[in-house]
Amino acid sequence: MTWWIKARRAHTVLPGLFLPFCLLALLWRDTVLDLPSFLAGAVPAPVIALLPILLCAALALCLDSRLPAAEATAIRPVAWMDTALAAGTVLAACATALLAWKLGGADAGLSLGRDTAFLVGLMLLVRSLAGSRAVLAPVAWGFVVLFLGRGPGGHVYFWTVLLRPSTDPVAATAALLAFAGGLAALLIRPATESVPD
């Protein structure tokens, strides 16, 4: 029964947010705002870097739509279904990033898939420890990056991932490790186990 609830929620919530995600990715692929930074003054930041937070929130809502007692006795592999849902969300975001890059050639549009993989992985890792409050992890990371991610002179620190160029190997490696770790955490500690809420 719980797999049906999750599938229904994923069927309604993710497409409902994915269409605006795609439209905003195409509209904001070149948009840059001057945002305040505590270390570097006002610095330009691509708006599209914070767009993956929408998908993280939708994915967290779908993963938290569950009946713990039913999942504990489920015959269907609920943990594998959750993992497939997370992987499918990131793959769809990567396809959107390629489309935004092909249409406009914007570097920020190409990095959208990497940023989504990183933030989803971060959320899933935090979720294995903090439960449903993990939806705040991508938001907190985005604010930390915006306010503390640049040094004097506007230099982007390597740990930020979100503001790095799309060809940066360190950011790509961090995104891959975070996403793989998040999927592993989702399989090793599924939602049927007691996670503090």
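Which residues do ring pairs link into a cluster? They are Phe118, Trp141, Tyr157 and Trp159.

Good morning, colleagues. The model under discussion is predicted; local features require pLDDT of at least 70 and side-chain atom pairs pLDDT 80 or more, while totals for chains, interfaces and linings use all residues. Residues are numbered from 1 along each chain as its sequence is written, and side-chain values use heavy atoms, without hydrogens or water.

I begin with the aromatic rings. Rings of Phe, Tyr and Trp, the last by its six-membered ring, pair if their centres lie within 6.5 Å; planes under 30 degrees apart are called stacked, over 60 edge-to-face, and the rest tilted. By this rule there are 4 aromatic pairs. Trp141 and Trp159 form an edge-to-face pair, because their planes stand at 85°, with the ring centres 5.9 Å apart. This pair joins distant parts of the chain, 18 residues apart: Trp141 belongs to helix H7, and Trp159 to the loop between H7 and H8. Helices here are DSSP runs of H or I with at least four residues, numbered from the N terminus. Trp141 is partly exposed at 22% relative accessibility, as is Trp159 at 30%; buried means under 20% relative accessible area, exposed over 50%, and partly exposed in between, with a 1.4 Å probe and protein chains only.

Phe143 is partly exposed at 46%, and Phe147 is partly exposed at 25%.

I turn now to helix packing. The axes of H6 (residues 112–130) and H8 (residues 169–188) come within 7 Å and cross at roughly 40°. These axes are lines fitted to C-alpha atoms over the stretch in contact, with angles from 0 to 180 degrees between N-to-C directions. Residues in the contact, defined by heavy atoms within 4.5 Å, include Phe118 and Leu125 of H6 and Ala178 and Phe179 of H8.

Finally, the interior. A nonpolar core is a set of buried Ala, Val, Leu, Ile, Met, Phe, Trp, Tyr and Cys residues joined through side-chain atoms within 4.5 Å. The largest such core has 31 residues, of which Leu59, Val120, Met123 and Leu124 touch the most other members. Helices H2, H4, H6, H7 and H8 each supply at least two of its residues, and H6 gives the most, with 7. A second, separate core of 8 residues includes Phe21, Ala25, Leu51 and Leu55.
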